[in-house]
Amino acid sequence: MLPYAAYLRVYEPLTAFAPRDQEAWTGYAESRDRPRRAHALEVEHGESVRRLMYVPPMPAPEQESANAYLRRLGDTLYVCPWQSRLRSWLAFTTFRGSMSIKLADRFVPQTVAERTADAFDRFKRYEHSLRTHIRTNTWHVPTSWFVPFDSAERWLVLGADQGETTEPTAQTTTAPPRNMLYVTSMAQARRRVARALVVIRRHVGQVTTLGEVEEVGRWLEEFHPHSLVELDYGGLVHLMDDETLQNDQSVAEVATALGGLDNGQEELAFAMYQRVIVRWRSVQALQFAN
């Protein structure tokens, strides 16, 4: 896991889990030793770095993580398991498939890669689902990730006495001193994605954005209908100063672009979409900065 990444997460209500898992997550929520929200990303990142610093490196942990992100809304506990092992397997598979074997072996020895692949294959024989509760994207937020949310659901914290401190849709544990979140209900997220798909198909057609929004929609359909959906800018906030974060209205701009398309205001739609693209292109360019 890289430090400059954003996350799209789904928190399912406790009742969505099997009875055995419900008991485990209830105990976990009551534990004083679990990572708190303020430091959870730091803990996740630290675990990943330590695995990669092993000699030879360890692409995936030997056991699945017992940690999760938690939210409470009223009396309901919502759980987003880290699934560090499964996410690492999937990421490593993508990594190995993105380059030649000779080049990939320079990062992870072939014997380690084969051992990792064998472990993943054994897992898939017994587990029919490779569904993950967390999606990760490095160096920028994909445009399609803004679609499930509304600008009123933004929660921005810049520091002790700065920024917007209005609570998001669901109560959260202590947040990091600097963070940008959007939280919404699964019902709202699915409704917005469905509406966006209708608009894009009607006015634009088969474009890359359509496929990306469709993928987000399919992923959301895999979860309990009473879940919560969260967009977390994660480590990307460290690439943006306070003024940039305050002025970031990507969710509102994407919504305005879609509304403009649907109302025949093509110039407005194009202008709003371009603002989002240019903003995140400048952030993504930092990947190659000295």
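Trainee: What makes Asp121 and Lys124 a salt bridge?

Mentor: A salt bridge is defined as a side-chain nitrogen of Lys or Arg within 4 Å of a carboxyl oxygen of Asp or Glu. In this predicted model the closest N and O atoms of Asp121 and Lys124 are 3.6 Å apart, so the pair falls within that limit and is called a salt bridge. The model being predicted, local features need pLDDT of at least 70 and side-chain atom pairs count only at pLDDT 80 or more, while totals for chains, interfaces and linings use all residues. Residues are numbered from 1 along each chain as its sequence is written, and side-chain values use heavy atoms, with hydrogens and water left out.

Trainee: Where do Asp121 and Lys124 lie?

Mentor: Both belong to helix H5 (residues 110-126), 3 residues apart, which is about one turn of the helix; helices (H or I, at least four residues) and strands (E, at least two) are DSSP runs, numbered from the N terminus.

Trainee: Why is Asp121 called partly exposed?

Mentor: Buried means under 20% relative accessible area, exposed means over 50%, and partly exposed is in between, with a 1.4 Å probe and protein chains only. Asp121 has a relative accessible area of 33%, so the residue is partly exposed, and Lys124, with 35%, is partly exposed as well.

Trainee: How do you know that Arg275 and Glu253 form a salt bridge, and what parts of the chain does the pair link?

Mentor: The side chains meet at 3.4 Å, N to O, and the pair links distant parts of the chain, with Arg275 in helix H10 (residues 266-284) and Glu253 in helix H9 (residues 250-262), 22 residues apart.

Trainee: Which of these two residues is buried, and which is partly exposed?

Mentor: Glu253 has 4% relative accessibility and therefore counts as buried, whereas Arg275, at 46%, counts as partly exposed.

Trainee: Why is strand E8 described as mostly covered?

Mentor: In strand E8 (residues 228-232), 5 of its 5 residues are buried. Leu228, Glu230 and Asp232 are buried on one side, and Val229 and Leu231 are buried on the other. Side chains in a regular strand alternate between the two faces of the sheet. Glu230 and Asp232 are also linked with Arg9 and Arg71 in a network of salt bridges.
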